[in-house]
Amino acid sequence: MEYKVSDFIPQRYPFEMIDKIVAVTPGESAQAQKNITMNEWYFSNGNQLSLPHPIILESLAQTGVVAILSMPEHHKQNVFFGGIKQAEFKDEMRPGDVLQLKVQLTKLKRNIGVGHGEVIRDGEVIVTADLMFAIEA
């Protein structure tokens with residue numbers, strides 16, 4: 001089944017940080033893809049051509065939000081990125097990289113969610129992060 005990012009999250013360009021939703025298991029997990037190109041707005045300020053870490057964390061958060069908002073009881077609600085418990089970056093990401101984003105929800109209780117995210121490039125995990133989400137009541 002083909003999923004559109006806009007079917008799940010309210011963000012639009014330039015704040016939509018994922019390009020494609022690959023798989024969704026409502027309330028459990030989501031997988032997305034991010035293609036890094038030279039045309040990304042965050043490369044326009046002349047910085048070196050590596051993806052800023054906050055952008056990749058936001059991409060993971062948006063992937064986690066897809067897992068939450070795909071649940072019928074949370075469809076069309078607002079979900080906010082509540083924080084980062086930990087994050088580890090093993091390598092830089094640059095234009096031309098295709099990133100696979102995976103978030104597994106580890107806890108979802110009332111209006112709080114916790115998830116474990118991974119960024120995979122060429123079969124290797126290069127970022128891990130534990131994320132928190134707040135669901136608008």
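A salt bridge is a side-chain nitrogen of Lys or Arg within 4 Å of a carboxyl oxygen of Asp or Glu. The legends below describe a predicted model, in which local features need pLDDT of at least 70 and side-chain atom pairs count only at pLDDT 80 or more, while totals for chains, interfaces and linings use all residues. Residues are numbered from 1 along each chain as its sequence is written, and side-chain values use heavy atoms, with hydrogens and water left out.

**View A. Salt bridges of arginine 121.** A search of the whole structure finds two salt bridges. In one of them, arginine 121 meets aspartate 91 through their side chains at 2.5 Å, N to O. This pair links distant parts of the chain, 30 residues apart: arginine 121 lies in strand β5, and aspartate 91 in the loop between β3 (79-89) and β4. Strands (E, at least two residues) and helices (H or I, at least four) are DSSP runs, numbered from the N terminus. Arginine 121 also forms a salt bridge with aspartate 97, with the closest N and O atoms 3.2 Å apart.

View B. Buried means under 20% relative accessible area, exposed over 50%, and partly exposed in between (1.4 Å probe, protein chains only). Arginine 121 counts as buried because its relative accessibility is 11%. Aspartate 91, at 36%, is partly exposed, whereas aspartate 97 is buried.

**View C. The largest nonpolar core.** Such a core is a set of buried Ala, Val, Leu, Ile, Met, Phe, Trp, Tyr and Cys residues joined through side-chain atoms within 4.5 Å. The largest one has 35 residues, of which Met93 and Val119 touch the most other members. Helix α1 gives the most to this core, with ten residues. Beyond its neighbours within four places in sequence, methionine 93 has contacts (heavy atoms within 4.5 Å) that include Ile36, Leu99, Val119 and Arg121.

**View D. Serine 50 and its polar partner.** Serine 50 is placed in the loop between β2 and α1. Its relative accessibility is 5%, so serine 50 counts as buried. The side chain of serine 50 makes a polar contact with that of glutamate 92 at 3.3 Å. A polar contact is a pair of N or O atoms within 3.5 Å; within protein, one must be able to donate a hydrogen and the other to accept it, and residues adjacent in sequence count only if both atoms are side-chain atoms.
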